Structure formats: structure tokens, C-alpha cells
Amino acid sequence: MEEKTLTLAQEEQIRKKALEIKAEKKLRKVYPMVVWGDPDCEEKEVYVAYLAEPTFPQFSKFMAASKKDEVTAMRSLARDCFLDGDKELVDNESLFLFGLMGQLSEIITTRQSTLVNLSKAGK
């Protein structure tokens, strides 16, 4: 499979729109996600969805649903966090399953953290 990349103009346009959405909606983070379509199947060349970082209720809903059905939970998370862009990435089964779903972990990745062991303090 050939490696596909965005042009500098496409990247700049996506970055600009993400920053506009972030400012307009006063969000901490906006995640632009790009999926290449299949023109042989009458799809667009490139799809872009802008997603927000999940809120506490959205993340809680996702965690509860993921215990039963991870794929359905991921789709629900995508619908809840979708802000703008190509809604087909959420609604179209093929574009979601084989495109967007693989990127959704980006919006639920935990921050780097560490625990300081106090039992070794002062020894």
C-alpha cells in the first residue's frame, strides 16, 4: 500500500480550522483526524473530522459501554466528541471501522504520570 501524505497547504488549512474551532468553542484541545477515502468506491480523496477531548460524562459513558462492546463504545465516543468536518467518518461503517476508529485512542490517551514511593524516603 502506498504511503499517503497531506500537502503542506492541506496541513495548514486543517491546522487553521482546528485552532478556529478551539477558540470559538473555548476548548482545551481539538484533534483533527484525517482518513483517506477510496475514490474507486466513489469516496472523497481525504476526509477530516475535528474531535474534542471527551468530557467526564462522555468518558464515563465510553468506559461503561466498552465493557460490553468496544466498537460500539468507540463509535459513541466519536459521535459525542465530533465537532466539525466530515460526519461520514462517524456515520459510514467502512470509514469509521477502517479509518477513524484506529485514531480515536489519541483522544483518550492518558498523560504521562508517575507515583513517588514514599516508603523509601529518607533512607
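The legends below describe close-up views of a predicted model.

**Figure 1. Overview of the protein chain.** The protein chain holds 5 helices and 3 strands. Read along the sequence, these elements follow the pattern α-β-β-α-α-β-α-α. The C-alpha atoms fill a box of roughly 65 × 35 × 35 Å, taken along the principal axes. The radius of gyration of the protein chain is 18 Å, whereas a compact globule of 123 residues would have one near 14 Å. Of the 123 residues, 29% are buried. The accessible surface comes to about 9,000 Å², and carbon and sulfur atoms account for 53% of that surface. Among contacts between residues at least 6 apart in sequence, 54% join residues at least 24 apart.

**Figure 2. The largest nonpolar core.** In soluble globular proteins, nonpolar side chains tend to be buried together. The largest nonpolar core in this chain has 20 residues. Which of its members touch the most other members? They are Leu 51, Leu 89, Leu 100, Leu 104 and Ile 107. Two or more residues come from each of strand E1 (30–36), strand E2 (46–52), helix H3 (70–81), helix H4 (88–91) and helix H5 (93–100). Helix H3 gives the most to this core, with 5 residues. A second, separate core has 9 residues, including Ala 18, Val 30, Val 34 and Val 46.

Figure 3. Met 33 is found in strand E1. Is Met 33 buried or exposed? Met 33 counts as buried because its relative accessibility is 2%, and buried means under 20%. Leaving aside neighbours within four places in sequence, Met 33 is in contact with a list of residues that includes Tyr 47, Val 48, Ala 49 and Leu 51. Gln 103, Leu 104, Glu 106 and Ile 107 are also among the contacts of Met 33. Leu 89 is another residue in contact with Met 33. Met 33 and Leu 89 are 56 residues apart along the chain, and their C-alpha atoms are separated by 9.4 Å. With neighbours within four places again left aside, the contacts of Leu 89 include Val 35, Leu 95, Phe 96 and Leu 100.

Figure 4. A pair of aromatic rings is described by the distance of the centres and the angle of the planes. The structure holds 1 aromatic pair. Phe 59 and Phe 62 form this pair, with 6.0 Å centre to centre and 45 degrees between the planes, and the pair is tilted. The two residues are separated by about one helical turn because they are 3 residues apart in helix H2 (residues 56–66). Phe 59 is partly exposed, with a relative accessible area of 32%, while Phe 62 is buried, with a relative accessible area of 7%.

**Figure 5. Around strand E3.** Asp 86 has its place in the loop between strand E3 (82–85) and helix H4. Asp 86 is buried, with a relative accessible area of 15%. Not counting residues up to four places away in sequence, Asp 86 touches Lys 44, Val 46, Tyr 47, Val 48 and Ala 49. Lys 87 lies over the face of Phe 82, at 5.4 Å from the ring centre.

**Figure 6. Two residues with a positive phi.** Most residues other than glycine have a negative phi, and most peptide bonds are trans. Lys 26 is not a glycine, but has a positive phi of about 55 degrees. Lys 26 lies in the loop between helix H1 (8–25) and strand E1, and counts as exposed at 74% relative accessibility. Glu 42 is not a glycine either, and has a positive phi of about 60 degrees. The loop between strands E1 and E2 holds Glu 42, which counts as exposed at 80% relative accessibility.

**Figure 7. Asp 38 in the loop between E1 and E2.** The loop between strands E1 and E2 holds Asp 38. At 31% relative accessibility, Asp 38 counts as partly exposed. Asp 38 touches Glu 43 and Lys 44, not counting residues up to four places away in sequence. How many residues separate Asp 38 and Leu 95 in sequence? They are 57 residues apart in sequence, and 9.5 Å apart in space, C-alpha to C-alpha.

Key:
Residues numbered from 1 in each chain as written. Predicted model: local features only at pLDDT ≥ 70, side-chain atom pairs only at ≥ 80, totals over all residues. Heavy atoms only, no water. Core = buried A, V, L, I, M, F, W, Y, C linked by side-chain atoms within 4.5 Å. Buried < 20%, exposed > 50% of the residue type's maximum accessible area, 1.4 Å probe, protein only. Helix = DSSP H or I, 4+ residues; strand = E, 2+ residues; numbered from the N terminus. Contact = heavy atoms within 4.5 Å. Phe/Tyr/Trp six-rings, centres within 6.5 Å; stacked < 30°, edge-to-face > 60°. Lys NZ or Arg CZ within 6 Å of the ring centre and 35° of its normal. Rg over C-alpha atoms; globule rule 2.2 N^0.38 Å. Areas by Shrake-Rupley, 256 points an atom, 1.4 Å probe, with all protein chains shown as cover.
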